[in-house]
Structure formats: structure tokens, C-alpha cells
2 protein chains.
Amino acid sequence: MNIQNLDRLFNPKSIAMIGASANPRKWGFIILLNILKGNYSGKLYPINPREESILGYKCYPRVADIPGKVDLVVITTPAKMVPALIDECGAKSIPFGVVVTSDFSETGPEGAALERDVVARARKYGIRLVGPNSMGIFSAKTNLHAKMPPMMPLHGNISMFSQSGNVGVQMLGWGAEEGVGFDKFVSSGNEGDLNCVDYLSYFGQDEDTDVILGYLEGIDPGMHLFPVARKVSRKKPIIVFKGGRTDSGGRAAATHTGAMAGESKIFKSALRQAGILEVKTSQALLDCARAFANCPIPRGNRIGIITRGGGWGVITVDACEENGLVIPPLPEKIIKKMDEFLPKYWSRGNPVDLVATIAHDPYLDCLELLANWDSIDAVIALGAGRRAPKYTYSKEVTGPQPLVDAIHMVEQYFKDRAQRRDWMLEGIGKLIKQTGKPIIVVSIGPEALHRSNLYEFQVVSYPTPERAVRVLRQMYKYRRFLDSLKES
Amino acid sequence: MNIQNLDRLFNPKSIAMIGASANPRKWGFIILLNILKGNYSGKLYPINPREESILGYKCYPRVADIPGKVDLVVITTPAKMVPALIDECGAKSIPFGVVVTSDFSETGPEGAALERDVVARARKYGIRLVGPNSMGIFSAKTNLHAKMPPMMPLHGNISMFSQSGNVGVQMLGWGAEEGVGFDKFVSSGNEGDLNCVDYLSYFGQDEDTDVILGYLEGIDPGMHLFPVARKVSRKKPIIVFKGGRTDSGGRAAATHTGAMAGESKIFKSALRQAGILEVKTSQALLDCARAFANCPIPRGNRIGIITRGGGWGVITVDACEENGLVIPPLPEKIIKKMDEFLPKYWSRGNPVDLVATIAHDPYLDCLELLANWDSIDAVIALGAGRRAPKYTYSKEVTGPQPLVDAIHMVEQYFKDRAQRRDWMLEGIGKLIKQTGKPIIVVSIGPEALHRSNLYEFQVVSYPTPERAVRVLRQMYKYRRFLDSLKES
């Protein structure tokens with residue numbers, strides 16, 4: 001079993017940066033800059049025998065010259081230099097290393113031999129290594145940005161391991177746009193030493209991690225993914241996106257990481273038994289992360305729907321039924337209560353269709369009745385938190401003064417409605433806490449809208465009903481897994 | 001056969017607006033305002049016996065008082081007044097009407113009887129009606145915005161009919177954010193007279209329409225959808241999103257429109273034989289619209305992929321294989337050419353993985369070789385047209401001057417790269433014209449990015465590879481339909 005405490009790897013008190021460079025074209029410069037610009041909270045020792053200082057920070061010729069203790073070494077030098085450097089780190093008793101350097105096993109037999117040498121030396125000294133060929137690591141607690149790309153993730157309660165550096169770091173950047181925050185991230189690279197199951201196991205114990213994301217390409221049976229996952233998933237959800245599911249995809253994966261890929265029915269069934277939630281698209285990985293990190297898990301698959309227009313209600317119902325969610329009929333008791341404040345021809349059923357009632361007040365009243373209804377486990381709230389529509393035209397309008405005045409009046413009306421949206425979202429946030437049920441908002445609109453819904457009001461929202469439904473389906477799957485543990 | 005020339009409906013030279021109101025809470029005020037603010041190019045006659053003028057425009061007491069000819073009447077009065085008004089319009093020889101008024105067949109038997117009366121009178125005078133219970137129509141050529149919501153669609157070459165007003169108008173607004181432009185739109189309402197097949201037939205003949213979108217809930221066999229569609233789809237693609245596919249969805253649709261819904265295998269096979277492309281999500285409808293309206297149709301299903309990182313390439317290959325697209329192996333001739341300018345360890349295959357080569361020049365060189373390769377029909381270009389990553393941090397960085405200088409330097413570097421993106425996209429636009437093959441760009445980023453890719457550079461892009469693949473699958477389906485016509 002690969003249980004390993006990686007606290008000092010992700011939250012080191014001091015870092016040595018071997019390969020620190022004054023040349024802006026080198027990764028040893030860019031990563032150093034990212035660490036500095038990220039306001040890393042610990043001590044940083046750039047190592048470079050040919051420089052006095054880099055970026056205004058004192059340089060040390062070699063690891064042995066560092067005055068204090070070092071928790072983590074980051075290595076970006078050419079591959080051939082790495083084995084000897086590991087010996088130096090061993091002499092300094094450094095417990096963890098991130099080897100960003102590439103040209104190891106991903107390039108062929110020669111690189112593989114070099115990688116085996118590096119790992120063997122590290123093991124001799126008890127150094128645990130990330131990589132080689134890693135794009136680096138991130139940790140929110142220590143503001144650690146020891147990674148190649150400069151984007152800064154949002155801080156949150158999600159941790160991620162990725163067998164593709166590129167996919168991983170782009171998820172961080174994409175998350176920042178959509179309001180999805182991360183606590184820890186690791187690009188596992190060639191996994192010469194530490195592998196994704198080690199990270200999974202650690203994230204499982206880590207108090208700052210509530211949700212675990214993984215991008216996987218190749219899994220070796222010796223990694224014991226399934227027994228580890230089964231232990232972790234009873235405590236927190238594990239959401240995995242698997243690259244190389246198809247024959248062609250598996251071949252492409254083998255080309256770029258050397259890993260064995262492919263996915264069989266047996267593999268899929270093992271995922272399910274281990275409680276791992278598998279998503280099939282990149283968007284679904286981030287969508288699920290957002291909901292699992294911010295919403296209660298529904299008790300079942302019964303969905304209440306509220307909508308301002310029939311068509312979107314129909315689309316949502318179709319998506320629910322196609323994804324194993326059910327839409328219970330609305331009881332007469334609730335229908336009568338809604339009759340009191342809804343227009344004559346409302347749907348009188350679930351979905352609750354307000355028939356273009358655009359004032360906000362009855363919406364929230366209906367939502368409250370719906371969320372408190374015992375026979376549903378989650379609510380999809382269509383058109384809540386909607387923005388003011390853009391009341392702009394291609395050409396300036398010319399016309400009589402009453403027309404110009406009316407246009408200003410309508411513009412003001414939409415501004416006021418945008419403010420009432422805040423009031424609505426506050427109400428929805430309270431309802432979620434009060435009922436313990438997820439209320440997922442759907443409103444067509446750009447990422448910035450959904451980011452603000454989440455960050456200002458703790459309300460999870462998506463631009464289409466189908467994306468909300470897909471997420472609720474995964475949450476229901478997770479609930480069934482948790483329930484199956486109780487039964488056995 | 002429902003062939004009908006609806007030119008004067010969509011591009012009227014003059015409109016009478018019955019129910020025009022000075023009360024901002026009435027639709028008769030809002031629609032009038034939308035028409036005026038939209039800069040409608042024809043003559044507009046507000047009708048209201050109790051007002052001298054509305055919004056500074058002279059009012060006429062009744063239709064008979066209008067001095068000139070009227071092509072279109074828009075009606076927003078209460079339902080009970082409509083039959084007598086149709087008689088007045090008949091006396092004035094108005095050929096078309098849009099009945100926005102609701103409380104007809106969607107509310108029960110009484111409303112249905114009233115609707116039959118209205119339609120019978122209209123037929124007597126030869127008036128063709130949109131609705132009742134329509135959210136209105138839009139037409140780019142005459143800047144006609146006779147519709148309830150105030151948003152202004154982008155102008156383009158797509159026309160849409162929708163059996164849900166709400167879904168339809170939100171597609172227009174959503175399209176405006178994503179860069180998808182429309183030529184004509186109609187909310188078909190209860191379809192008391194004109195129905196979606198009439199609009200389909202008209203859009204099929206309409207020179208300004210290149211792509212037809214439809215949101216359907218209920219289809220009556222008497223409408224002859226399939227024979228009409230089969231004639232139209234040989235000339236231009238028809239993309240349909242069907243609400244009420246499931247039992248529960250069908251029941252929800254029946255509640256709000258009274259239409260019979262549901263979808264059988266026979267229905268799906270009829271769609272396919274008629275050349276109608278069916279999408280399964282709201283996002284897919286808009287995604288397909290964007291590509292069909294702006295890209296050449298690929299000759300087949302063979303895809304070339306270019307990527308800056310292996311993982312995204314793997315994800316794209318998986319999505320292709322799962323959607324019936326194939327990834328041919330790269331021939332030695334092209335590999336040798338790419339060897340000349342790519343780093344040593346590039347993938348040497350399809351996907352062409354540039355292995356984190358971030359300069360733009362080799363990307364476009366590779367893309368050119370790929371697009372000109374005879375054995376592929378379309379290219380997915382991952383990470384082309386990428387933006388500068390946000391180089392911003394939560395806290396201001398304090399530190400020595402060399403650090404501050406370096407940060408400025410990197411910021412400038414990213415700004416320069418953002419400019420080189422323009423040059424890349426121009427190159428891609430030229431390649432599409434030169435090769436006649438669709439090149440679909442994928443880059444994670446907000447709607448505004450994709451809108452600008454399309455509007456400034458005529459390049460279609462999506463934020464995920466899965467969305468690009470889904471669109472290419474539909475394009476290939478359409479190609480097979482066109483090929484089947486040649487064979488038979």
C-alpha cells in the first residue's frame with residue numbers, strides 16, 4: 001500500500017531550486033519567477049554556481065552551501081546532471097524532490113535507464129520524487145507555485161493529480177475563470193517514483209482537500225489504485241477523467257508518456273466498485289468539481305424543477321430522464337399554495353413553470369416550497385440569477401424624445417432587475433443551508449457570471465440544463481456508493 | 001405541400017401594431033419599443049383608439065384609418081378581441097399577422113375554440129398567421145424586432161423556427177455572446193395557422209438563409225415534415241433539437257404547449273432519412289450552427305490533429321473514435337518535413353504533438369502541412385489562437401528591483417504573444433479558403449474569445465475538443481446524406 005505523508009512535499013518550509021537561471025528562456029528562470037511572484041511563504045534558495053544572485057535573490061553554488069534545512073528540491077537542469085545532483089540532495093537529507101527536467105523514460109530506452117538510475121539513488125537516500133518530466137506542483141496553503149505555466153489558480157478545497165501536465169495546469173487556469181478553486185495540484189510526470197495512487201492516498205488523508213480530481217492515462221496494476229481509491233472514496237469523492245479510453249487514444253497516450261492505456265469493461269467495473277466517479281469530457285471534470293466542492297450530496301435522484309418558460313423545463317426533464325433522474329409529480333398541497341400567488345395558467349406540476357412571470361418574488365417563494373418538499377432530493381432552478389439582457393443595438397437610435405426617455409427607462413429597469421438577482425441568489429444560498437439539498441442554478445451566460453454566482457453567493461450554476469443534470473447524475477452515483485457501504 | 005412565400009411576413013414594408021400601448025407594463029408597449037429601438041426600416045403604424053401618439057409616434061384609432069398599404073399586423077390585445085380584429089385586417093387586405101396574444105389553445109378547450117375562430121376568419125381573408133401565443137419574429141434585412149424580449153441578435157446567415165418562444169429567443173441572445181449570427185427567427189407559438197414546416201419550407205428557398213435551426217416539441221404527421229425536409233436538406237443543412245424525447249419530457253411538453261410529443265425509433269430514422277441533423281443538447285444546437293454557418297463541409301471523417309501538449313491530443317483522439325471519426329497515421333513524407341523544424345522528441349505522428357513548443361511559427365508550418373495532406377478531411381487545431389494567460393496574482397508582489405523588472409518583462413512577452421495570435425488566426429483563415437477543409441480551433445477561454453476568433457478572423461473555435469468533435473461528427477453525417485443523394 002502506497003500510504004505516504006506528503007505534507008512536506010506540498011507545504012515545504014524551504015525550497016532549493018537547482019537549475020535556477022538568470023536566462024529568461026530557461027525553465028529554471030520561469031519557475032523561479034513563478035515561485036517568487038506567487039509569494040511563496042517559506043525560504044527559497046536558488047542554486048547556481050555561476051551567479052551571485054538571480055532576480056535580486058542570493059544564489060548558492062550548490063545544495064551543500066545552503067545554511068539551513070531544506071524540505072524540497074526543485075530540479076530543472078539537463079537530464080544527465082540529475083543523478084549526481086540527487087547524491088548531493090541525499091547528503092543534505094532533503095526528503096522531497098520535484099524533477100521538472102525531461103528527456104527521461106518518455107524519450108526511449110536510454111532515457112529510461114537514466115530515470116532508473118535517478119530513482120535508485122533517490123531511494124538509497126530516502127528521497128521521494130515527483131516526476132521526472134513533471135510540470136510541477138501547486139499548494140494554496142504555502143502559496144507554492146513551483147510549476148511551469150504562470151497562471152495562478154483560485155484557492156479552494158479541490159486537489160488534483162494529473163498524468164498530463166498540460167491537461168492539469170489548463171484545468172487550474174480554466175477553473176480560475178469558472179470559479180473552481182484548488183488546494184493542491186501535482187503534475188505526476190513519468191512517475192519514476194511517486195505515482196498518482198500515492199497522491200490519491202495522500203489527498204484522501206489531507207484535511208484541506210474535500211474533493212479529488214484526477215486525469216489518468218496509464219494505470220499499472222502494481223499501483224493498487226482500486227483498493228486505495230475504495231478507502232478514500234468513502235471519505236471524499238474522487239472524480240477521474242481517463243485519457244486513452246479508445247484504441248487510437250491509447251496509442252496516442254503511449255506515444256507521449258510511454259504509459260500503457262486502454263479501458264476495458266473490467267476496468268470500468270473496477271472504477272465503479274472503488275467508488276471512483278468517471279467523467280467522459282474535460283468540461284464534465286470541472287463541472288463535477290464545482291458542484292462536489294460546494295454543494296451537499298443529494299440523498300437520492302428525485303429532482304424538482306422550476307422554470308420561467310416551458311421549453312427549458314421540457315429540455316431539463318428530457319435530460320433528467322436520459323440520465324436516470326426522476327421528476328416526481330407535484331402534490332395537490334403544494335399546487336394549492338402556489339395557486340395563491342402564480343398566474344392562472346401556470347403548469348400546476350413539476351416542472352413548476354412560472355409562464356413568463358418575470359418578477360422575482362414568486363420565483364423565490366415557489367423555490368422555497370419546492371426545496372422543502374419531502375419527495376425531492378435536489379432542485380434545478382432555471383433562469384434564477386439571470387443577468388440583465390444586453391439592451392444594446394448595432395446603431396444609435398434616433399427618434400422623438402418620448403422614445404429616448406422610454407429606452408432609458410427600460411435600461412434602468414434592467415439594471416434594477418440585475419440588483420434583485422443578488423437578493424435572489426442570497427435567498428437560494430440560505431435555502432441550500434436550510435434544506436441540506438443541492439439547488440443548482442442554470443442561466444445562460446458567460447463564465448464570469450457563474451464565477452460570481454459561486455464566489456459572491458455560494459451558489460453553483462451552469463449555463464445549460466444538460467450540464468446541471470450531468471453533475472446531479474454523478475452526485476447521485478456517489479450517494480449510491482456511500483449507501484452501498486452502509487448496507488455491506 | 002406547405003410551400004409558401006413568406007417574404008412579406010419577414011421583410012414587410014409596413015407594419016400595423018394593434019394593441020400598441022403607452023403603458024410600460026404591457027407587451028404592446030415593449031414590442032413597439034423593441035421595433036423602434038431596432039431601427040425597423042419600414043413604416044410603422046401604432047393602433048390605439050385612446051392615444052394620440054405613443055413614444056412620439058402618431059397613433060391610428062383602427063386599421064382602417066391607416067393611409068397606406070400594410071404588409072404585416074402584430075397583435076397583442078387580449079384574446080377575446082382578436083376575432084373582430086382579424087375581420088378589420090381582412091377588410092384592409094393585410095396578408096400576414098403575428099399574434100403574440102396568449103390564452104388560446106394552450107389554456108384548454110375554451111381557448112382552443114377561440115383559436116379555431118381566429119384561424120377560420122384569417123383563412124377567409126387569406127391572412128396567414130404566426131401564433132397565437134408567439135413570442136414574435138425577427139429579420140435582419142429589415143431590422144425587424146417584433147418580439148417580446150429586448151435582446152438584439154447578431155446578424156448572420158442562420159434562420160431558426162422554434163416551438164418554444166423562450167428557448168428560441170434565448171438561443172438568439174446566447175448566439176450574440178458566442179458570435180453566432182441570425183438572419184430570420186420565428187417563435188411559432190400554438191401554430192394555429194402557419195407551422196414549423198411552413199417556416200422550414202420558406203427558409204429552404206430563402207437566399208439569405210444558409211443554415212436552418214429548429215427547436216421542435218410536437219410534430220403532427222399532417223405537417224409533412226419529412227418530405228419537406230428532404231427537399232430542403234439537399235440544399236442546406238437543417239439542425240433540429242427535439243424537446244420531449246422522453247416520456248416525462250413529452251408529458252411536460254404537453255402541459256405547456258398542448259402538443260403531442262415523444263420520440264420513437266421510427267421518428268429518429270425518419271429524421272435521418274430526411275437529412276435532418278438531430279442534436280441532443282442546447283449547446284450542441286448553437287455549436288453546430290456556428291460551424292455549419294462558417295465552415296466548408298468536410299469530404300469525409302478523417303481528422304488531422306495538432307496539439308501543443310500530449311494529453312489534449314489523447315482526449316481529442318478518444319472523442320474522435322467515440323464519435324465515428326478516424327485519425328489516419330501520418331505518412332513518412334510529412335514526418336520528415338516536420339522533423340526539419342520541430343524539436344527532437346515531437347510525436348512523429350497524428351496527432352502532431354509539438355511538445356510544448358510555444359513559439360507560433362512551427363505551429364502554423366505544421367498546420368499547413370497537415371491541412372494540405374490528402375488523407376484528411378478536417379483539422380482540429382488545439383491551442384491555436386490561444387490568449388495570453390492571466391499573469392495576475394492575488395497579492396501585489398514586493399521584492400527586489402530585478403524581480404519587478406522580470407515580472408514586467410514576462411507580462412510584455414505575453415502581450416506580444418497575444419498579438420501573434422492575430423497573425424496565427426489570419427493564417428488559419430487563409431488555409432481554410434486555400435484547402436477547402438474545415439480547420440476547427442480549440443482553445444480554453446470565455447465566449448468573448450470565440451466570438452472574436454469568428455468575427456475578426458472567420459475561424460470557428462470551441463473551448464473544448466469534445467465540442468469540436470461533436471460538431472465534426474454532425475458535419476460528416478451531413479456529408480454522408482449529401483453523398484447518398486448522388487448515389488441514388
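Between which helix and which strand of chain A is the place of A:P351? Open the model and find out. Keep in mind that this model is predicted.

**Stop one: A:P351.** Select A:P351. This residue sits in a loop of chain A, between α12 (332-339) and β16 (352-353). Look at the peptide bond that runs from A:N350 to A:P351. That bond is cis, and its omega is near 10°.

**Stop two: B:P351.** Move to chain B and select B:N350 and B:P351. The peptide bond from B:N350 to B:P351 is cis, with omega near 10°. Where is B:P351 found? Look in the loop of chain B between α12 (332-339) and β16 (352-353).

**Stop three: A:E191.** Go back to chain A and select A:E191. The loop here lies between β11 (182-187) and α6 (196-205). Check the backbone: A:E191 is not a glycine, yet its phi is positive, about 55°. Is A:E191 buried or exposed? A:E191 counts as buried because its relative accessibility is 13%, and the cut-off for buried is under 20%.

**Stop four: B:H224.** Last, select B:H224 in chain B. You are in the loop between β12 (211-216) and α7 (225-233). B:H224 is not a glycine, but it has a positive phi of about 60°.

Notes:
Residues are numbered from 1 along each chain as its sequence is written. Chains are lettered from A and ligands numbered from 1 in the order in which they are written. This is a predicted model: local features need pLDDT of at least 70, side-chain atom pairs count only at pLDDT 80 or more; totals for chains, interfaces and linings use all residues. Side-chain values use heavy atoms; hydrogens and water are left out. Helices (H or I, at least four residues) and strands (E, at least two) are DSSP runs, numbered from the N terminus. Buried means under 20% relative accessible area, exposed over 50%, partly exposed in between (1.4 Å probe, protein chains only).
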